[in-house]
Amino acid sequence: MATSLLKKVWESVSNRSSSSSGSTSITTRSSSSSSSSYVDVAEICLHTSFTGAFDRIPIDIFVQILKLLGPKETAKLSAVCKSWKFIVSDNRLWIYFLQNNEQPWESVFFAENYLRSGYDHLLSLPRQMPELSFMHIYGQRARVPGAIIIDGGSGYCKYGWSKYDIPSGRSATFLEFGNIESPLYSRLRHFYATIYSRMQVKSSRHPVVVSVPICQYDDTDSAKAARRQLKEAMYLALYGMDVPAIVAINQATLALFAARRTSGIVVNIGFHQTSVVPILHGKVMRKIGVEVVGIGALKLTGFLREQMQQRNMNFGSLYTVRTLKENLCYVALDYEAELSKDTKASFEVASDGLFTLSKERFQTGEILFQPRIAGLLAMGVQQAVALCMDHCLSADIDDEGWFKTIVLAGGSACLPGLAERLEKELRGYFPSMSNGIRVIPPPYGADSAWHGAKLVSNLSTFPGSWCMTKKQFRYKSLHNRIW
């Protein structure tokens with residue numbers, strides 16, 4: 001029966017003009033499950049007539065036909081008649097197809113609602129559904145060329161193809177930068193050339209999304225000049241390799257996108273230090289102030305190494321210590337209470353054997369909140385975030401709650417319990433708005449910035465609304481508008 005019905009569909013399509021265009025958007029959201037999405041489509045069908053022989057088909061079978069056809073063939077059915085065009089262009093059907101795509105539907109919906117207009121036009125509120133035809137968006141996303149993503153962090157670089165689920169490669173950044181005494185342009189050129197060589201792709205074939213490191217935090221003229229110099233060197237190095245189009249986005253902003261936000265505070269625990277970055281509509285609010293704490297992943301690993309040495313634990317390299325940190329360490333919700341508990345746990349490192357840690361497990365992460373434990377003269381990360389929030393609260397900005405969402409980023413930010421502890425501490429600082437404060441763990445672990453870049457590079461409007469061509473770059477450089 002299904003075979004004959006499909007045959008009738010294609011006979012109808014072949015006899016109609018395939019040039020009809022346009023779509024009708026129904027202003028309702030899909031429910032979370034695919035089955036309920038099809039119930040919605042069935043409701044549309046119940047109120048639609050003039051579908052010829054298909055009027056006599058039970059609705060559930062009719063819906064299964066649409067399901068079996070898939071998005072590409074379903075789109076062609078809009079040429080059959082007005083009723084078919086109305087049915088197959090309904091947003092709920094295409095939301096179903098997007099839900100079953102590789103990327104999570106929530107991320108696709110966020111990106112297409114908030115990011116599709118480009119970096120200079122990020123929205124604080126989502127577009128209204130009548131403005132979006134998801135049938136049109138689905139078709140556009142299928143034609144997006146994709147991009148090379150290069151996320152060069154202070155510790156490790158992640159790179160890969162935007163159509164992949166995860167980065168295709170990663171390496172220690174400092175190993176790829178070449179001679180540290182060489183000019184910045186030369187080091188960047190060597191860095192990017194090494195990545196393209198490892199990926200075995202031609203730089204002239206694809207646009208690139210590159211992350212801008214979180215550095216030069218101040219709003220002073222010298223800091224602005226340093227940021228401009230870095231960004232210009234990045235563009236020049238890539239254009240010198242014949243890259244067709246480029247977009248460079250701050251790492252903190254990309255991590256925020258990965259958490260499906262355009263505004264909030266990003267706490268990035270980097271290799272050498274922790275940065276607390278306020279971001280409003282995708283823009284780093286340097287006038288409000290970026291707070292910096294001199295504790296990063298290297299300090300955490302070093303502290304754990306010292307604790308292991310004091311217990312006469314033998315290990316072959318710092319890699320073993322880092323592996324133990326990533327697999328055994330956590331952050332206690334109540335540090336004092338945790339001291340009285342039995343927290344022993346073991347983990348076997350392939351190269352060095354079995355290790356058992358106890359209090360070191362939560363004391364390592366505790367130095368983020370109490371640096372004095374490690375003999376460091378610095379404020380705790382909770383104090384830095386509270387100070388940033390206080391500055392945001394004092395700023396004259398209409399959107400009062402934009403800074404209440406805090407997104408963690410960086411490999412060490414993945415320590416279990418960190419988000420809960422930071423949220424508890426911040427609610428203690430701001431009891432009057434404690435219910436609105438939310439701390440989000442790294443949405444994609446250490447690769448959050450890379451996944452934020454992936455959201456951008458798979459947009460239906462990419463690369464047009466985001467990337468800059470070499471010609472546009474030269475024009476903006478001449479008019480001093482690169483930054």
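Biologist: Which residue lies over the face of Phe369?
Modeller: That's Arg421, at 4.4 Å from the ring centre. Keep in mind that this is a predicted model.

Biologist: Okay, on to strands. Is β12 buried or exposed?
Modeller: All five of its five residues, 405–409, are buried, so β12 is largely enclosed by the rest of the structure. Thr405, Val407 and Ala409 cover one side, while Ile406 and Leu408 are on the other.

Biologist: Which strands does β12 pair with?
Modeller: One is β6 (residues 264–269), parallel to β12 over four bridges; there, Val267 stands opposite Leu408. Another is β13 (residues 438–440), also parallel, joined to β12 by three bridges. Thr405 has Arg438 of β13 as its bridge partner.

Biologist: And how does the chain get from β12 to β13?
Modeller: Through helix α17 (residues 418–429), in a right-handed β-α-β crossover.

Biologist: Switching to rings: how many aromatic pairs are there?
Modeller: The count is 10. Take Phe257 and Trp466: their ring centres are 6.3 Å apart and the planes are at 85 degrees, so this pair is edge-to-face.

Biologist: Where do those two sit in the chain?
Modeller: Phe257 is in helix α11 (residues 251–258) and Trp466 is in the loop between α18 and β14, 209 residues apart. Both Phe257 and Trp466 are buried.

Biologist: What about Trp402 and Phe403?
Modeller: Their centres are 5.9 Å apart with planes at 85 degrees, so they are edge-to-face. Trp402 is buried at 4% relative accessible area, and Phe403 is buried at 2%.

Biologist: Which residues form an aromatic cluster?
Modeller: Tyr235, Tyr239 and Phe473 form one.

Note on methods
Residues are numbered from 1 along each chain as its sequence is written. This is a predicted model: local features need pLDDT of at least 70, side-chain atom pairs count only at pLDDT 80 or more; totals for chains, interfaces and linings use all residues. Side-chain values use heavy atoms; hydrogens and water are left out. Buried means under 20% relative accessible area, exposed over 50%, partly exposed in between (1.4 Å probe, protein chains only). Two strands pair if DSSP finds at least two bridges between them. A crossover is right-handed if, with the strands pointing away from the viewer, the path from the first strand over the helix to the second runs clockwise. Rings of Phe, Tyr and Trp (its six-membered ring) pair if their centres lie within 6.5 Å; planes under 30 degrees apart count as stacked, over 60 as edge-to-face and the rest as tilted. A charge sits over a ring if NZ of Lys or CZ of Arg is within 6 Å of the ring centre and within 35 degrees of the ring normal.
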